[in-house]
Amino acid sequence: MSTTPQAATRPDTNEMKVIHRVFRREFTALPALVRGVRDGDTARSAVVGAHLQQMLWFLRIHHEGEDELLWPLLLDRVTLQADLVHRMEGQHQVVAALIEQATALLPEWTATASAASGEPLAALLGELTAPLFEHLGEEEQHILPLAADHLSVAEWAALGEHGRSHLATPQDQVRVLGAILEDATPDERAHMLAPMPPPARDAWTTQGAPAYAAYIAQVRQG
């Protein structure tokens, strides 16, 4: 006797932890990547700068999705945890200010690869990690359980849709999805790919994944 699989009744918030791994990995590595570019090596600064720009953009979009779609729902439904949610909002503001500062410094360094512009950028990225990682840890410990209990599957899925809606180019899609899947377990990878139609999943396997592997190897070269 066959049974029909039941639809999930609670959102799988673990996917947020998969995305958080990207930010921990990349923003840990980026200060050294910037400092490792030789003074005047604009070919190399173009590669590292493009990657840094992509990660700053990805982090900004990720936080904007939470600002629009997560905090208002939790404030409405978990009123006893309002202080926690407001603390999360405040942490976003701190991180957003640092993203804005890094984004402002990035074009000059990318164009010139000068040590004089690279060191302030690298130092700022190092400054970003402490408030960002504190926020990610607190979100995983306290917010994700609340989201699992108080958001519907559709409401949680809207966060992912928000992020995907901003992937305007095939390059964005390859670089962001590749970064997300890089350290994912096989089960996590299957879950993250599930929303894609079969032809798109096939295209990722045959074209997207190799393109990301080549891209990230270039970013991380010595």
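Predicted model: local features only at pLDDT ≥ 70, side-chain atom pairs only at ≥ 80, totals over all residues.
Start with confidence. The chain has an average pLDDT of 94. At least 70 is the score of 96% of the residues. The start of the chain is another matter. Over residues 1–6, pLDDT stays under 50. For that stretch the model has zero contacts beyond four places in sequence.

Now go inside. In soluble globular proteins, nonpolar side chains tend to be buried together. Here the largest nonpolar core holds 46 residues. Within this core, F27 and F58 touch the most other members. Several helices build the core. Those that give two or more residues are α1 (14–35), α2 (42–69), α4 (82–112), α5 (115–150), α7 (170–181), α8 (186–193) and α9 (198–220). Helix α2 provides the largest share, nine residues.

Look closely at F58. Leaving aside residues up to four places away in sequence, F58 touches I19, V22, F23, V176 and I180. There is also a second, separate core. This one has 15 residues, and W71, L74, L84 and L146 are among them.

Next, the rings. The structure holds two aromatic pairs. One of them joins F23 and F58. Their ring centres are 5.0 Å apart, with 50 degrees between the planes, and the pair is tilted. What does this pair tie together? F23 lies in helix α1 and F58 in helix α2, so the pair links parts that are 35 residues apart in sequence. Both F23 and F58 are buried.

The other pair is made by Y212 and Y215. Their ring centres lie 6.2 Å apart and their planes meet at 50 degrees, so this pair is tilted too. Where do these two residues sit? Y212 and Y215 are both in helix α9, three residues apart, which is about one turn of the helix. Are they buried or exposed? The cut-off for buried is under 20% relative accessible area. Y212 has 6% relative accessibility, so Y212 counts as buried. Y215 has 10%, so Y215 counts as buried as well.

Return to helix α1, where H20 lies. H20 has a relative accessible area of 0%, so H20 is buried. Which residues does H20 touch? Not counting residues up to four places away in sequence, H20 touches H62, L136, E139 and E140.

Helix α6 gives the most, with nine residues.

Finish with one backbone detail. Most residues other than glycine have a negative phi. A113 has a phi near 55 degrees, which is a positive value in a residue other than glycine. Where is A113 found? A113 sits in the loop between α4 and α5. Its relative accessibility is 1%, so A113 counts as buried.

How values were computed
Residues numbered from 1 in each chain as written. Heavy atoms only, no water. Core = buried A, V, L, I, M, F, W, Y, C linked by side-chain atoms within 4.5 Å. Buried < 20%, exposed > 50% of the residue type's maximum accessible area, 1.4 Å probe, protein only. Helix = DSSP H or I, 4+ residues; strand = E, 2+ residues; numbered from the N terminus. Contact = heavy atoms within 4.5 Å. Phe/Tyr/Trp six-rings, centres within 6.5 Å; stacked < 30°, edge-to-face > 60°. pLDDT = per-residue confidence, 0-100.
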